[in-house]
Amino acid sequence: MESFEVPQPSKVNYLNAQYGLKSWLLTRDHKRIALLYLGSVTFFFFIGGIYAMLIRLELLTPQSDLLSATTYNKTFTQHGIIMIFFFLIPSIPATLGNFLVPMMIGAKDLAFPRINLLSWYIYIIAGIITIYALIAGGVDTGWTFYAPYSTTFSNSYVVLTGLGIFINGFSSILTGLNFIVTIHTMRAPGMTWFRMPLFLWSTYATALIMILGTPVIAITVLLLAFERLARIGIFDPAIGGDPVLFQHLFWFYSHPAVYIMILPGMGVISELIANFSRKNIFGYSFVAFSSLAIAVFGFLVWGHHMFVSGQSVFASMIFSVLSFAVAIPSAVKVFNWTATLYKGSISYDTPMLYALGFIGLFTIGGMTGLFLATIAVDVHVTDTYFVVAHFHYIMVGGTLLAYLGGLHYWWPKISGRMYPEGWGRFSALVVFVGFNLTFLPQFVAGYLGMPRRYATYPPEFQVFNVLSTAGASILGFGLLIPLIYLIWSMRYGKIAEPNPWHLPGLEWRTASPPPTENFLLTPIVTWEAYEFAPPEEMEVVGTVHRGRHARSDVDAPIGENT
Amino acid sequence: MDSSWFKLAPEAASTMAGKIDALYFYLSGVTLFFSLLIFGVLIFFVIKYRRRSPYEIPRPVAGSHRLETLWTVIPFLIAMSMFVWGAQVYFEQARSPRDTSEIYVVGKQWMWKTQHTTGQREINELHVPVGRKIRLIMTSEDAIHSFYIPAFRIKADVLPGRYTYEWFEATKPGTYHLFCAEYCGMNHSRMIGSVVVMGPSEFDNWLSGNAGQLAPAVAGQQLFQSLGCVSCHGANGEGGRGPELAGLFGKQVLLNNGQTIRADEAYFRESVLNPQAKIVSGYGPIMPTFQGQISEDQLLQLMAFIKSIHIVNPQPSTASPSSAAPTSSNTSTATPVASPVRRASPAQR
């Protein structure tokens, strides 16, 4: 074993390099911007969560007693808008992605640090406008804004909310652009495409969808505003429009948006599964390319939201067969994650519990997606609680669990402190149980015919709603625990080592928390992704190494090593 | 509440319900089997390969193209079996059979208005007989609604400005839920009602007992006169300055731009509201629009009238007066006119 020089752990890191509000609001450090996003998406998550609790409380009884019908309609609309546009879409890419993309490829920052900060400001402005619309009176169209209800009949703040979503889109586009350019041009020497952690592949695929899909929702919202404000006939047949056109435009973005939400989660899970079983990902390239396949196919299946909309029988057939096709890359990922565990060294740390929970819930979400792709069954269950349960299994069981798992996993790097492991495991368990109790009964209620977006419902469905509400209370409690102990740990947690999990990824080869420039020297990557070694053999970045990982191909200049 | 808590599927009260349930239980079986397989393997690995010492490094395992191919192809084939079965049932669902009776449905915030071809109107209720194929012709007066009968496993959006259809054949007398399934504003969850399925003779009694309302085709004939359609299309639709309408429904129409289109409900609707859109070959663009002068109900009545008038010569219709005779004996063979329409036809009175 040769000796190598460890860079002296400096007391200065990105958190304490500068102080004061201004140093945060004007920062160009991707890690600080990630923290700005972390704070803001958490804020929006709790607003969305309060709406969720109101929905569940109202539905405890068949009558409309806690909320009036109008208030209920606004509540589920705002729950959807806040959760989708202001939590799920930015959650993993803008917090974990922002923090990790440069660190994982060995770069100092993203390609465009100022644009990165701009995208956070755009997000905040959009958020303020949307919150203002909610306070001013709210919106009651459903997050889907279906015309002509939204353009002609709704008497609520449709355009203002739409403006918030319109503006927010630019934040997505700029973040996506930044990631793509960064991954293409700023990889450290030796960091080839196929040495990249799988989180980066999925972030890359997500970024592609963001820049290609988001303009379409912007255009759709703009047309909606034209019709609502100027009565230009686009969607409302009374003035010469076509209401199904709205659904095509809306879902052309909003279906790929589902993959904006879930692909980064899949990337996090690939990291967690590999790293907490200390195994190279089984079928790395299949997992990597399945992300791109999902991004491409994801653009071709929007019509499966419209099987009962009046679209043609043949269009429905094509969308159905493509929807089955898009399920395959997701299945491939699940199989590869499972195979990765084979002969691994599996730890039961909190992030791994979240990852295992993800696989279970995502599998159920994906399997029930097959029911919805089967047209004849979809005709019966679409717009019922079956669909509600299905997409919550993907969005909450999938994305939220991946986000929490990732947050715990990288928390030592982000905060420089360990979270309390016991509380972490406990809350992961509570979240898992609460989630299933909330949403499993909804599959049954949905097949029995309970329509979604109902403020009142026939009494025979009450039993399922009581179960759901009980589950939601447990879920809500489970989610409060990490909020408390993560904040607590920032001050009182155990000091984290640079590499507390003993992992090979570049982000673990620098201090916790990292210095502002991430690495003291530009790292030279000589190892494959997930190439595990005993801790004493793992080089710390910036050292001259002649160890067992030396390769001849490491001096290729940046950008030419693909 | 009773033991209905433990049901996994709603009442099956139409010919489609059993087919969709069979497909649903096939999907449930396959997905449950594979989910449990994945969970079983996962749990087995997680326990068997748990970390035993803090610094152990397991040996890397190389990927396998054979396995990857296997678990790409097998799920794909299973998925295709779902697709083919699902598409087959869907085709059956989407294509109305020829021998249906028609019922008109108009959705508006927040109620369902239905009208039978004999004239009976209902609100938030729909009476239908067992064992007869019923086709709903639906439209909306405002936002999008969706006509959903869980016990029949059917649902179709009801759109403003166009017609959508769904058909069913009820199999079991009883009262079932009718829901609006597309969010349509404040009282969306109160836009519900019931579908009452009756025995055929009971239904005929119900149908005849509720007299006093004009059959849509009769009301349509009155509209045809009061709106002045007669002056160009003739009192019985025999044509004049405007094209002939008798026996037109369901036929191919040659337009003056050389195109040929089928005279269906959508064409009819467009020709009333936007007559310049498609001009029949040999006629001038002289018809005024009736946009704003005619309600959705009236449009459906006019259409019922036009469907009911047949070519006056060469042979008069000899339709049987009561039962749902599947074939039309008149010369306009392309017209799947159902018997209640013909029974109410003013041309035969």
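A:Phe153 belongs to helix α5 of chain A, which covers residues 149–153. The model is predicted, so that local features need pLDDT of at least 70 and side-chain atom pairs count only at pLDDT 80 or more, whereas totals for chains, interfaces and linings use all residues. Residues are numbered from 1 along each chain as its sequence is written, and chains are lettered from A in the order in which they are written.

**Surroundings of A:Phe153**
- A:Phe153 is partly exposed because it has 16 C-beta neighbours inside 10 Å (20 or more would be buried, 12 or fewer exposed).
- Beyond four places in sequence, A:Phe153 is in contact (C-beta atoms, placed from the backbone, within 7 Å) with residues including B:Gln109, B:Asp142, B:Ala143 and B:Gly185.
- A distance of 9.5 Å separates the C-alpha atoms of A:Phe153 and A:Thr141, which are 12 residues apart along the chain.

**Contact between the chains**
- Chain A contributes 75 residues and chain B 73 residues.
- On the side of chain B, α2(B) supplies the largest share, 15 residues.

**Helices α3(A) and α13(A)**
- The axes of α3 (residues 69–105) and α13 (residues 385–415) of chain A come within 11 Å and cross at roughly 25 degrees.
- This angle makes α3(A) roughly parallel to α13(A), a term for angles under 35 degrees.
- Among the residues making the contact are A:Leu88 and A:Phe99 of α3(A), and A:Met395 and A:Trp410 of α13(A).

Note on methods. Helix = DSSP H or I, 4+ residues; strand = E, 2+ residues; numbered from the N terminus. Contact = placed C-beta atoms within 7 Å. Axes fitted to C-alpha atoms, helices over the stretch in contact; angles between N-to-C directions. Parallel < 35°, antiparallel > 145°, perpendicular 65-115°, else oblique.
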